[in-house]
Amino acid sequence: MVGKTESQNGAVKATAAPAMNLESDLFSNFSFKSFKLKTKQQELLLRVSILGLVYILAFITRLFSVLRYESMIHEFDPYFNYRTTLFLTEKGFYEFWNWFDSESWYPLGRIIGGTLYPGLMVTAAFIYWTLRFLRFAVHIREVCVLTAPFFASNTTVVAYFFGKEIWDSGAGLVAAAFIAICPGYISRSVAGSYDNEGVAIFALLLTFYLFVKAVNTGSLAWALASAFGYFYMVSAWGGYVFIINLIPLYVLVLLITGRYSMRLYVAYNCMYVLGMLLAMQIRFVGFQHVQSGEHMAAMGVFFLMQVFYFLDWVKYMLSDTKLFQAFLRITVTSAIAVGALALGVGTASGYISPWTGRFYSLLDPTYAKDNIPIIASVSEHQPTAWSSFMFDFHILLFLFPAGLYFCFKKLSDATIFIVMYGLTSMYFAGVMVRLILVATPAVCLISAIAVSATIKNLTSLLRTKSKTAVAGSSKGTGGSKASSKASFDQSQPFQKNGAIALLLGAFYLLSKYATHCTWVTSEAYSSPSIVLAARGAHGNRVIFDDYREAYFWLRQNTPPDAKVMSWWDYGYQITAMGNRTVIVDNNTWNNTHIATVGRAMSSYEDEAYEIMRSLDVDYVLVVFGGVTGYSSDDINKFLWMVRIGGGVFPVIKEPDYLVNGDYRVDKGAAPKMLNCL
Amino acid sequence: MARSTGKDAQALFHSLRSAYAATPTTLKIIDLYVGFAVFTALIQVVYMAIVGSFPFNSFLSGVLSCVGTAVLAVCLRIQVNKDNKEFKDLPPERAFADFVLCNLVLHLVIMNFLG
């Protein structure tokens, strides 16, 4: 826009002074050309530098706990991932793929090679081997700790490209900035949180971006890339079920609204067939893509697409519509009949397994509480409160509907996709706190569209005033045009002031967002659960390293083949740091085994002794927080032990441990509570 | 009633046949390939129904390789067909190269999955 005024000025100068020689004319043209080049280069430089800064920001904002405590692995699950990665780097890939672990789930053991998602471990091992190849002597623990922030930075780059694909590069930059510091994502990807989600969100966004790119361009190469992205996602996290259900739903919506095109056919079919085949290479997933009810939507849409496009082709070839109607009727009825029959027979005979508990509880939130206490007991699986939404999203929460409005104004294949992704993920985020993580990229992208569109409108309002003023003065045309411009100019000052005020307001909101995110990261999401800090009597900071000291005591003072019984929360940490065999751990794949431990914990001592003898237990680990005021210890979790144990062994009844329906742990507690293990 | 639907079906068949005869030879070759792949898949399914599906991964990889290459060939046909306005900027060599690449990946995965 500014370039145009320059050209007008140059032209005016050239015509108004015909006596000027040719060199000045050439000079003005030359300056016009070099100015235009400079603007493009300036824009590119600006974009690259912004993206680079956002990349670095995403990395360093996740390093709070490394700076405050030390570089260690947080929480419970990451210890298992760390142990498996250690095994992978020491023994190699074949040993890792075929590993049978006899140190956990004591009498049963666990087929680790076949029951985990290898993406995270293989990624970390790959980074480790690359760094070693370049002669950087790093320890695998450092690589593990910093894997999640590194992939968070990569996610911002993917978010930029995705935003560019959906809307324009401005929205992409804003989306990258939002997702770099959004607390919903930071909560599961701080340095030290070495868990599947750190890598999985990157894979999720990458798969979605590549698929939308494939639908936009209709190229087989992009569809192949999205199949590989899907493979990476399947290898990284069990949440891939979201992708394999959202994409068919999106295709269905496009078919219904009449936006189908040949590009959609190419993109979806290539991605589905290749993605399904690649996904079945992961042993943990196995044949689920053809046998499990959760994946049937994708297959159904696949067949529907074949029928749909076949009919389209026949309609194109036939010129007579009456014949086509007859053909249409026959084909559609037969296809529906065959499909319904196949689905019915499959489900009734049990060949197609129904939705598993974890995912069924997403559709029916009351299911887990009644039937599967283990799933209900995990605090991350509870429904989300509004305060959690506000805490994790801040201003994005009200920018989200604004962004939806902009998307609906400019509907295209890509915006339909992001709208669907946003709405479905927000519904699931409302059902389970943990799934706010999956909703975060959608919310960031949609809010970025709102912010980018609003700021663009406001700044173009600012620029229009200056452009019309310059054009009016340099043109000097007839009176009518000048008078209309004059009246236009009169309303300009109000609009310009309004625009400036709104822009300032927008910048204020964004800066508040940045402050809030940093505060949240620093206070709430940066504590490694394994090291606790508290204020002493005089206000000085006291660090409790009790967990690790206990595990190292186990490691140094017990015989190497000792078996430790504890509640399943601590299983992974005991095997990783204590290096001893445990009875149950966080994998929770065997409910009866956990119920046995729960029963042992809540029976009278002589019964418990029998149970423990049968399991060959040598040591019992119990966490007690009464001395330090640590509130999430085993006494707090005790009722869950009772419920889970009672779920399998009706001998244990919850009312036995309560006094008048209250849970008390002091002298006035129920007698069974006082006398149990 | 039956006679009218019979006549309808015949008329349908004739018009389809005449319309199809007008398609270029290159597309007909691709259609032949698709038909062959689907036919092979059907044979495999019938064989599985007779013999049982014990090494299920072998059965799946066999059927999916046929279905996969059929689907990829249909995608190629769509991209190469001159009547499709959306793909008129795509050179047919690029479409064929994509087809070959995807088939390569498909068969590598199949070979790994065959067991």
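Chain B and chain A bury about 3,000 Å² between them, with carbon and sulfur atoms giving 80% of that area; buried area is the accessible area (1.4 Å probe) that two parts lose on being put together, summed over both. The contact (heavy atoms within 4.5 Å) takes 34 residues from chain A and 35 residues from chain B. Between these two chains the count of salt bridges is zero, a salt bridge being a side-chain nitrogen of Lys or Arg within 4 Å of a carboxyl oxygen of Asp or Glu.

The model is predicted: local features need pLDDT of at least 70 and side-chain atom pairs pLDDT 80 or more, whereas totals for chains, interfaces and linings use all residues. Residues are numbered from 1 along each chain as its sequence is written, chains are lettered from A and ligands numbered from 1 in the order in which they are written, and side-chain values use heavy atoms, without hydrogens and water.

Over all chains, the whole structure holds 13 salt bridges. In one of them, K213(A) meets E165(A) at 3.2 Å, N to O. Because K213(A) lies in helix α10 (residues 196-217) of chain A and E165(A) in helix α7 (residues 140-166) of chain A, the pair ties together parts 48 residues apart in sequence. Helices are DSSP runs (H or I, at least four residues), numbered from the N terminus.

| Domain of chain A | Residues |
|---|---|
| domain 1 | 37-194 |
| domain 2 | 195-353 |
| domain 3 | 384-462 + 496-518 |
| domain 4 | 543-675 |

Taken over C-alpha atoms, the centres of domain 3 and domain 4 of chain A are 44 Å apart.

How values were computed. Domain bounds come from an automatic or database domain assignment. Helices (H or I, at least four residues) and strands (E, at least two) are DSSP runs, numbered from the N terminus.
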